[in-house]
Amino acid sequence: MATNARRAPRRTDALSRELIVEAATQILDTDGEDALTLRALTVRLSTGYGALYHHVANKSDLLAAAADDVIARAMTDVAADAEPRETLRAVALSLFDAINAHPWIGAQLSREPWRPALLEIYESIGEQLQALNVPERALFDSAGALVNYILGVAGQNAANARVLANKQADRTASLAAVAAQWAQLDPAKYPRLHKAAAQLPEHDDRRQFLAGVDLFLAGIETVYRQGADD
């Protein structure tokens with residue numbers, strides 16, 4: 001039977017794994033993980049399933065490759081000629097910004113901790129901690145604690161931002177509402193939260209995150225300096 005239906009035009013240029021990962025990242029950033037399907041990619045890239053399977057195995061492979069790509073670019077953006085403490089702060093901020101821009105990465109990194117993206121993070125942070133004279137026996141614990149802080153806080157911040165975006169809520173207004181609730185708490189029972197209410201609405205997430213990194217570094221240096229003096 002004749003039909004007037006027309007197939008979507010197929011691409012004429014070569015398809016590569018890099019192009020597929022770029023398209024997958026765009027879908028993840030705009031619509032989230034649930035929207036990333038091979039069908040969505042065939043439409044976006046004007047190609048067929050066979051061409052996709054030539055470069056990627058499945059959705060899990062796509063997610064991992066997209067995370068590896070984003071993290072690799074974030075790590076590359078960090079200057080390598082700074083002092084170890086400043087390099088660590090720069091790495092932390094670059095990762096914070098990358099996860100904030102790509103909120104799906106946090107879940108992906110925890111899902112597959114052996115992927116190159118996370119290995120690159122551990123190696124870079126471990127190298128700088130070693131340059132700060134953290135002893136070999138303590139590098140594993142120190143790097144692990146700092147990486148967990150960076151990824152945990154960055155991931156939670158990104159998740160909070162995504163929730164606000166989905167609700168079309170204003171961050172300042174949301175924080176002001178929470179601050180108002182804290183201000184109503186019994187100051188005798190919650191003295192610190194009661195005082196923090198005044199700072200909550202205008203606090204800067206990025207600056208607060210970096211303050212935590214500095215606390216971690218100060219603690220690491222103090223503990224192992226004392227150990228060296230004993």
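A: The expected span of a helix is taken as 1.5 Å times one less than its number of residues. In this predicted model, helix H4 covers residues 59–76, and its 18 residues reach 26 Å from the first C-alpha to the last, close to the 26 Å expected at 1.5 Å a residue. At the start of H4, a side-chain oxygen of Asn 58 comes to within 3.2 Å of the backbone nitrogen of Ser 60.

Buried residues of H4 include the run Leu 62, Leu 63, Ala 64, Ala 65, Ala 66 and Ala 67, together with Asp 61, Asp 68, Val 70, Ile 71, Ala 74 and Met 75. These buried residues pack against helix H1 (17–31), helix H2 (38–45), helix H5 (84–101), helix H6 (105–111) and helix H7 (116–131).

Two packed helices are described by the angle between their axes and the distance between the axes. The axes of H4 and H7 come within 8 Å and cross at roughly 25°; because angles under 35 degrees count as roughly parallel, H4 and H7 are roughly parallel to each other. In this contact, Ala 67, Asp 68, Ile 71 and Met 75 of H4 meet Pro 116, Ala 117, Glu 120, Ile 121 and Ser 124 of H7, and the residues involved divide into 6 nonpolar, 1 polar and 2 charged. On the H4 side of the contact, Ala 67, Asp 68, Ile 71 and Met 75 are also among the buried residues of the helix.

Methods: Residues are numbered from 1 along each chain as its sequence is written. This is a predicted model: local features need pLDDT of at least 70, side-chain atom pairs count only at pLDDT 80 or more; totals for chains, interfaces and linings use all residues. Side-chain values use heavy atoms; hydrogens and water are left out. Helices (H or I, at least four residues) and strands (E, at least two) are DSSP runs, numbered from the N terminus. Buried means under 20% relative accessible area, exposed over 50%, partly exposed in between (1.4 Å probe, protein chains only). Contact means heavy atoms within 4.5 Å. A polar contact is a pair of N or O atoms within 3.5 Å; within protein, one must be able to donate a hydrogen and the other to accept it, and residues adjacent in sequence count only if both atoms are side-chain atoms. Axes are lines fitted to C-alpha atoms, for helices over the stretch in contact, and angles run from 0 to 180 degrees between N-to-C directions. Angles under 35 degrees count as roughly parallel, over 145 as roughly antiparallel, 65 to 115 as roughly perpendicular and the rest as oblique. Ala, Val, Leu, Ile, Met, Phe, Trp, Tyr, Cys and Pro count as nonpolar, Asp, Glu, Lys and Arg as charged, and the others, Gly among them, as polar.
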